[in-house]
Amino acid sequence: AQAVPAVFGAQLTDLQSGRVADIVGRILEKHHFRQSRLDDIVSNGFLTNYLNALDYNHMIFLQTDVDNFKAKYGTKLDEATRSGSVAPCFQIFDVYLDRLEERNILVQKVLKQEFDFSEDDSFVVARNKEPWPKDDLDAAKLWRQRIKYELLQARLAKEKPEETIGLISRRYNRLEKTMKELERGDILQLYLTSLAHTYDPHSDYFNRAQLESFRISMNLELFGIGAELE
């Protein structure tokens, strides 16, 4: 893995974030073993990776959101990175937060509904290869199936319905809260790791906190075996 440490702390300004992105882009372009230019092909992969990092199972964004992102940024992320702009990173993330809030409102509403478990129904659990919901109606149907699946799993495990409902409710409330509280440095980490993954899936971007955690974990793992990793 190739760990690229950030120069700054978690609370980054736009100028600092852009400088970090520019440095990471240059390092990957010139020093990664693939020796690939940061071009439109990389830009498209970069965008796809970032959308999947935020919404791996394709349940938060709408297809119209994704289409808009591709039209606006599909061949532009390389230029933005070189010019020191990370505006796409935070603009996409803002849309993600809006959609996540909408999905959580929907979840809380669906949890109050009655379900008929005797009827035939289906839900694809691993949806990373499936299309995003095409509109709000499609999203509502998809999320109802998702919650029904979670309730059925709990029912088969003989868990109490009221406890299950409370657990699911808290899970999605916690997800929304966690994502809304992410610092800019953490969001940038997701974004630049998505760029690194276009070069290979084992190259990651480490912000300062991650780098320190990595160093600590490596020191703990190697302690006492007579070797020093530098």
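The following legends describe close-up views of a predicted model.

**View A. Buried and exposed faces of helix H3.** Helix H3 spans residues 63-73 and contains the buried residues Asp65, Val66, Phe69 and Tyr73. Seen down the axis of H3, these buried residues fall within an arc of 95°, so they line one face of the helix. Asn68 and Ala71 are exposed and lie on the face of H3 turned away from its buried side. The cover over the buried residues of H3 includes helix H2 (40-54), helix H4 (77-82) and helix H5 (87-110).

**View B. Packing of helix H2 with helix H5.** The axes of H2 and H5 are 11 Å apart and form an angle of about 35°. The crossing in which H2 passes H5 is right-handed. From H2, Leu47, Tyr50, Leu51 and Leu54 meet Cys89, Ile92, Phe93 and Tyr96 of H5. The residues of this contact comprise 8 nonpolar, no polar and no charged.

**View C. The largest nonpolar core.** This core has 48 residues, of which Phe61, Ile92, Tyr96, Ile147, Tyr191 and Leu195 touch the most other members. At least two core residues are supplied by each of helix H1 (14-31), H2, H3, H5, helix H6 (136-156), helix H7 (161-180) and helix H8 (184-199). The contribution of H5, 10 residues, is the most given to this core. Ile92 and Tyr96, two of the residues that touch the most other core members, also take part in the contact of H5 with H2.

**View D. Surroundings of Ile147.** With neighbours within four places in sequence left aside, Ile147 is in contact with Val107, Val110, Leu111, Phe115, Ile168 and Tyr172. Ile147 is also among the residues of the largest nonpolar core that touch the most other members.

Methods:
Residues numbered from 1 in each chain as written. Predicted model: local features only at pLDDT ≥ 70, side-chain atom pairs only at ≥ 80, totals over all residues. Heavy atoms only, no water. Buried < 20%, exposed > 50% of the residue type's maximum accessible area, 1.4 Å probe, protein only. Helix = DSSP H or I, 4+ residues; strand = E, 2+ residues; numbered from the N terminus. Arc of directions from axis to C-beta. Contact = heavy atoms within 4.5 Å. Axes fitted to C-alpha atoms, helices over the stretch in contact; angles between N-to-C directions. Left-handed = near helix turned anticlockwise from the far one by under 90°. Nonpolar A, V, L, I, M, F, W, Y, C, P; charged D, E, K, R; others polar. Core = buried A, V, L, I, M, F, W, Y, C linked by side-chain atoms within 4.5 Å.
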